[in-house]
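Hello,

Here is the structure I promised to pass on to you. Please have a look at it first, and then read my notes below.

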Amino acid sequence: MSEDQYPYTDDGEFVPYDGPLRSDGEMKERASSFYELMARRRSIRTFDTAPVPKDLIETAIVTAGTAPSGAHQQPWTFVLIGDPDTKRRIRLAAEEEERTNYLDGRMPEDWQEEIARLGTSWQKPYLEDAPWIVVLFEQRYGVDEDGSRHKHYYVKESVGIAAGMFISALHNMGLATLTHTPSPMAFLTTLLDRPANERPFILFPIGYPAAQSVVPRLERKPLDDILVEYEN
Ligand code: IYR
């Protein structure tokens with residue numbers, strides 16, 4: 001291998017890339033069918049209490065764990081909660097914070113106006129109705145065996161990508177979720193007994209949508225509004 005070819009180092013170990021190669025026709029077909037699938041994803045705030053097999057959630061988590069991450073540090077922890085007592089405690093703590101946000105003016109008027117059409121309130125019954133809650137924590141730094149810390153790189157970017165892949169995996173298998181960020185979220189660190197290097201990033205209630213669930217009528221920006229083709 002010539003000197004100016006990747007990999008530029010003898011460090012590390014390299015194996016042949018194993019990604020799929022597809023025909024043009026197959027690519028077109030997969031591109032549009034994936035778009036059509038994703039276009040039907042919605043955030044759901046009303047869940048059926050019916051149980052969902054745990055292995056489905058585990059598969060979604062391991063799928064999210066395929067996300068790229070800064071220096072491949074995989075700075076995420078997915079905490080899975082299914083027991084009614086913990087879900088109830090999360091609901092009560094979240095509602096206490098949200099009551100302050102919505103009713104005691106911690107959420108400024110213009111913010112409340114901005115979300116009014118989503119139909120939310122301080123009440124969070126979905127935190128008990130959904131059979132599962134996953135709280136995604138970001139690992140702000142790493143902790144070695146001996147307890148010493150090492151820096152993590154691009155944590156928000158990495159965990160944000162993993163969150164997106166998690167949502168996509170759930171939607172692809174027919175489960176519904178909500179990207180919920182009770183504010184502030186610090187109560188989750190103590191309630192779920194997480195170590196000091198972890199911060200709650202997003203909370204996901206997960207389950208089947210309740211029958212007759214409604215969602216706000218929202219428009220997504222068309223391609224023209226989100227794509228700028230740079231011309232030199
Ligand atoms: N955290 C609150 C308020 C809220 C904020 C935004 I930005 C939303 O998109 C939706 C809700 C809540 O969970 O109700």
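Please keep in mind that this is a predicted model. I began with the aromatic residues.

F14 has a relative accessible area of 43%, so the residue is partly exposed, because that class lies between the buried limit of 20% and the exposed limit of 50%. Y6, at 60% relative accessibility, counts as exposed. In total there are four aromatic pairs. One of them joins Y6 and F14 edge-to-face, with 5.8 Å from centre to centre and 85 degrees between the planes. Y6 and F14 also belong to one aromatic cluster together with Y8.

Another pair is made by F78 and F166: the ring centres are 5.6 Å apart and the planes stand at 55 degrees, so this pair is tilted. F78 belongs to strand β1 (residues 76-81) and F166 to helix α6 (residues 155-172), so the pair ties together parts that are 88 residues apart in sequence. Both F78 and F166 are buried.

There is also a charge over a ring: the charged end of R99 sits over W122, 4.0 Å from the centre of the ring.

Now to the ligand. The residues around the ligand include E98, M107, W111, I115 and L118. Which side chains have a polar atom 2.5 Å from a ligand oxygen? Y102 has an N or O atom at that distance, and K124 has a polar side-chain atom 2.5 Å from an oxygen of the ligand. For H180, the distance to a ligand oxygen is 3.4 Å. Taken alone, the ligand exposes 380 Å², and the protein buries 72% of that.

Best wishes

Definitions and conventions
Residues are numbered from 1 along each chain as its sequence is written. This is a predicted model: local features need pLDDT of at least 70, side-chain atom pairs count only at pLDDT 80 or more; totals for chains, interfaces and linings use all residues. Side-chain values use heavy atoms; hydrogens and water are left out. Rings of Phe, Tyr and Trp (its six-membered ring) pair if their centres lie within 6.5 Å; planes under 30 degrees apart count as stacked, over 60 as edge-to-face and the rest as tilted. Buried means under 20% relative accessible area, exposed over 50%, partly exposed in between (1.4 Å probe, protein chains only). Helices (H or I, at least four residues) and strands (E, at least two) are DSSP runs, numbered from the N terminus. A charge sits over a ring if NZ of Lys or CZ of Arg is within 6 Å of the ring centre and within 35 degrees of the ring normal. A residue is near a molecule or strand if one of its heavy atoms lies within 4 Å of it. A polar contact is a pair of N or O atoms within 3.5 Å; within protein, one must be able to donate a hydrogen and the other to accept it, and residues adjacent in sequence count only if both atoms are side-chain atoms. Accessible areas come from the Shrake-Rupley method with a 1.4 Å probe; for residues, only the protein chains shown count as cover.
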